[in-house]
Amino acid sequence: MTGAAAAVAGVTVYKGIPYAASTAGENRWRAPQPPPSWSGVRAADTWGPACPQPVTGLNPDQVPPLGEDCLNLNIWTPRASSNSQGASHPVFVWIYGGRNTAMWSGQPVYDGAVLASKGTVVVTFNHRVGAFGNLAHPELSAESGHGGSGNWGVQDTVAALKWIRRNIAAFGGDPDRVTLAGWSHGSSFVNILMISKLARGLYQRALLSSGVQYTKDPALGHVAGGYDELTTAEANGTAFARYMGASGLADLRALTADEIVAKVSAPDAPAAGTDFGNVLDGYVLPMSYTAAMTSRAETDVPVLTGNSKDENGASPTLTMTVAAYEAYAQTEFGDGAAKFLSLYPATTDAEAAAQYNAYARDEERVSTFLWGTQFRNTAGNRSAIYNYWWTHAPPGSDTSNPIMPSQDAATAGAYHGSDLYYLFGGLPGTDRPWTAEDYVLADRLSSYVANFAATGNPNGSSALPSWAALRTSRPVSMELGAAFGAVPAADSEAKYAFLKGYLEGQTTEY
């Protein structure tokens with residue numbers, strides 16, 4: 001497959017290290033088990049297998065071997081000679097996105113060499129996805145020992161963190177300076193582990209890219225950041241068993257991984273029983289997000305979080321009629337539709353598209369800011385929060401990136417995931433037509449990330465634009481990309497007040 005780790009002076013990469021046992025057979029839909037030991041020297045120069053998932057439509061050269069013996073990790077570290085001198089570097093642990101159904105850790109966009117060259121030990125790892133990573137079922141809940149099931153991919157994350165806690169010092173990492181980071185559904189994993197007791201003490205900072213929203217508790221189902229109630233998830237698991245022709249758990253475990261992937265991803269597969277997400281199981285996720293905030297159960301760690309300009313329904317090529325825009329306003333805001341249309345007025349189709357974009361981008365920033373204020377005020381946390389809004393569209397398209405290979409700057413703008421190239425700084429490992437500006441942006445953003453991993457504060461050298469921590473009394477975000485500096489959470493105080501009231505009205509306890 002493509003995606004060889006970029007060679008960067010002073011950086012060593014170790015690939016495919018097992019952190020847990022195979023998940024095949026009786027280990028399918030069980031908590032991760034300890035990996036088998038080995039004697040002598042084990043080669044760590046090849047990406048490990050990715051977990052079973054659909055790969056239709058992807059270039060075969062992009063896809064690693066697939067299999068249930070997939071719980072492996074990769075480590076980028078400053079060269080071993082510095083480790084031998086007692087160097088202890090901060091550790092950055094990355095959870096990939098992919099709608100909780102696909103993807104793997106060895107993709108070029110997740111190359112950790114540049115971050116490692118800035119003094120950070122980077123770890124990426126594979127976790128179970130789709131039915132293998134999220135299935136809940138009454139029989140699984142009965143055998144689990146804690147009355148719930150699902151969230152197997154999150155449990156894999158805990159196992160990886162425990163492995164890191166035990167072993168990362170041998171690679172020059174400091175087990176007491178671990179940043180748990182993720183994008184999209186990986187961000188939802190981070191948020192779950194900020195609530196779960198299973199990860200206490202295993203990380204000291206949190207980075208959530210494109211996953212934080214203020215209105216989390218409504219049943220968002222399988223959207224990144226949401227969850228299903230256990231009873232709903234178990235009913236979905238029961239429907240899955242029927243669809244697979246299985247009479248029970250033993251039959252499900254007897255199926256091959258390929259059989260499961262093929263049926264779940266079939267074009268005519270029914271939604272009931274083939275869609276899987278995070279589960280409010282009472283164990284991995286012991287309580288709702290709102291309950292965690294109000295009971296002060298969220299872990300008090302420094303947080304860096306934000307979203308991209310064109311991922312909340314906004315698009316540089318959006319088309320919308322005035323009639324559709326006004327109908328949307330009525331459906332979404334009800335009695336508040338007239339107020340919304342006075343704040344975002346449109347009399348032509350072009351204005352309707354532009355005003356919808358303006359609203360979607362404002363709502364995104366307000367939502368992230370309100371989440372931060374809730375985290376500080378309701379949860380009673382004292383650690384700093386750094387919120388951002390990514391606004392730069394990467395040039396061209398990237399055929400080396402299986403996440404979104406068709407995304408082009410001209411049509412997608414600063415799309416969902418467009419910040420990842422710059423967050424890792426690994427532009428040379430991908431094939432977009434990068435410009436000198438892109439390399440400057442990648443150096444800046446990866447430096448912010450390396451600083452945050454080291455100290456819990458993204459600020460460092462005077463060459464970096466100053467990034468102020470979130471203040472609950474000042475609704476702003478830090479723009480990164482097209483410009484660098486504070487931007488208001490909404491384009492006017494009136495728009496902020498309207499969107500704040502709207503979002504607060506949407507929050508529901510489950």
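# Terms and values in a predicted model

Biologist: What makes Glu143 count as partly exposed?

Modeller: The relative accessibility of Glu143 is 34%. Buried means under 20% relative accessible area, exposed over 50%, and partly exposed in between, with a 1.4 Å probe and protein chains only. The value of 34% lies in between, so Glu143 counts as partly exposed. This is a predicted model, in which local features need pLDDT of at least 70 and side-chain atom pairs count only at pLDDT 80 or more, while totals for chains, interfaces and linings use all residues. Residues are numbered from 1 along each chain as its sequence is written, and side-chain values use heavy atoms, with hydrogens and water left out.

Biologist: Why is the meeting of the Arg30 and Glu143 side chains called a salt bridge?

Modeller: A salt bridge requires a side-chain nitrogen of Lys or Arg within 4 Å of a carboxyl oxygen of Asp or Glu. For Arg30 and Glu143 the N to O distance is 3.3 Å, so the pair meets that rule. Arg30 lies in the loop between strand 1 (11–18) and strand 2 (72–78), whereas Glu143 belongs to helix 4 (residues 138–144), so the pair ties together parts that are 113 residues apart in sequence. Helices (H or I, at least four residues) and strands (E, at least two) are DSSP runs, numbered from the N terminus. Arg30 is partly exposed, with a relative accessibility of 28%. Arg30 and Glu143 also belong to a network of salt bridges that links them with Glu26 and Arg253.

Biologist: How many salt bridges does this rule give?

Modeller: The count comes to 13 salt bridges. Among them is the pair Asp362 and Arg365, whose closest N and O atoms are 2.9 Å apart. Another pair is Lys500 and Glu504, at 2.8 Å between the closest N and O atoms.

Biologist: What separates Asp362 and Arg365 in helix 13, and what separates Lys500 and Glu504 in helix 17?

Modeller: Asp362 and Arg365 are three residues apart in helix 13 (residues 349–377), which means a separation of about one helical turn. Lys500 and Glu504 are four residues apart in helix 17 (residues 493–506), again about one helical turn.

Biologist: How do you know whether Asp362 and Arg365 are buried or exposed?

Modeller: Asp362 has 1% relative accessibility and is therefore buried. Arg365, with a relative accessible area of 4%, is buried as well. Lys500, by contrast, is partly exposed at 28%, and Glu504 is partly exposed at 35%.

Biologist: What makes the link of Cys51 and Cys70 a disulfide?

Modeller: A disulfide is a pair of cysteine sulfur atoms within 2.5 Å. The sulfur atoms of Cys51 and Cys70 are 2.1 Å apart, so the pair qualifies. The structure holds one disulfide. The link has 90 degrees about the S-S bond and is right-handed. Cys51 and Cys70 both lie in the loop between strand 1 and strand 2, so the pair ties together parts that are 19 residues apart in sequence. Cys51 is buried at 1% relative accessible area, and Cys70 is buried at 0%.

Biologist: How is the packing of helix 11 and helix 13 described?

Modeller: Two packed helices are described by the angle between their axes and the distance between the axes. The axes of helix 11 (residues 322–333) and helix 13 come within 8 Å and cross at roughly 35 degrees. Axes are lines fitted to C-alpha atoms, for helices over the stretch in contact, and angles run from 0 to 180 degrees between N-to-C directions. The contact (heavy atoms within 4.5 Å) involves Val322, Tyr325, Tyr328, Glu332 and Phe333 of helix 11, together with Asp349, Ala352, Gln355, Tyr356 and Tyr359 of helix 13.

Biologist: Why is Gln374 called buried?

Modeller: Gln374 has a relative accessible area of 11%, which is under 20%, so Gln374 is buried. Gln374 is found in helix 13 and touches Tyr214, Met293 and Ala379, not counting residues up to four places away in sequence.
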